[in-house]
Amino acid sequence: MTQEVDVGFVFRSATVGVGQVVFVDTLAGSILCLLAIATYTRMGAFGCLVGSLIATCIGLFVAPDAATAEYIASGRFSFNTALACLSFANGVFIKLNTAMDFFVPLVGAIFTTMCQIVLRNMLPADLPVLAF
């Protein structure tokens, strides 16, 4: 079964990617996870969603075949990037308080996505990358 890729697909996949951080694979549960993050830190929730959107878009542009679309739709492609952007946007690792506050999570999202693409191609099975 192939998915039609449109704006709704991208946002649905990105939201489910946020939910995959806590092993939730439904859209409603993922929205609740995002709201739970937002109750603690709105900037962290924003970073989490933007990071997941970045990973979804990069994944669609790098390998737009049907298998990758199914992998992206399940949210397994963007949960690592959501975690990376959550930690950078919330100031867990570094506290910049400058214009770099938006640049560092962006670079982290791109780097995490590229690492995930490389590692996914190296694994023999269709396993979630860096899920430990």
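Which helix gives the most to the nonpolar patch? Helix α6 does, with five residues. Helices here are DSSP runs of H or I with at least four residues, and strands are E runs of at least two, numbered from the N terminus.

This is a predicted model, in which local features need pLDDT of at least 70 and side-chain atom pairs count only at pLDDT 80 or more, while totals for chains, interfaces and linings use all residues. Residues are numbered from 1 along each chain as its sequence is written, and side-chain values use heavy atoms, leaving out hydrogens and water.

**The surface patch**

The patch is formed by Val62, Phe103, Leu106, Val107, Ile110 and Met114, with about 490 Å² of accessible area together. Accessible areas come from the Shrake-Rupley method with a 1.4 Å probe, and for residues only the protein chains shown count as cover. Patch residues have over 30% relative accessible area and no salt bridge, with nonpolar side chains (Val, Leu, Ile, Met, Phe, Trp, Tyr) joined within 5 Å and like charges within 9 Å. A salt bridge would be a side-chain nitrogen of Lys or Arg within 4 Å of a carboxyl oxygen of Asp or Glu.

**The cores**

Nonpolar side chains tend to be buried together in soluble globular proteins. A nonpolar core is a set of buried Ala, Val, Leu, Ile, Met, Phe, Trp, Tyr and Cys residues joined through side-chain atoms within 4.5 Å. The largest one here has 16 residues, and Phe9, Leu60, Ile72 and Phe77 have the most contacts inside it. Two or more residues come from each of α1 (7–19), α3 (42–62), α4 (66–73) and α6 (100–122). The largest share, five residues, is from α3.

Beyond its neighbours within four places in sequence, Leu60 is in contact with Val5, Phe9, Val10 and Ile72, where contact means heavy atoms within 4.5 Å. Another core lies apart, with five residues including Val18, Leu34, Ala45 and Cys48.

**Four residues and their exposure**

Buried means under 20% relative accessible area, exposed over 50%, and partly exposed in between (1.4 Å probe, protein chains only).

| Residue | Relative accessible area | Class |
|---|---|---|
| Cys48 | 1% | buried |
| Cys85 | 2% | buried |
| Val107 | 40% | partly exposed |
| Leu32 | 57% | exposed |

Leu32 sits in helix α2 (residues 27–40). Its C-alpha atom is separated by 8.3 Å from that of Gly19, 13 residues apart along the chain.
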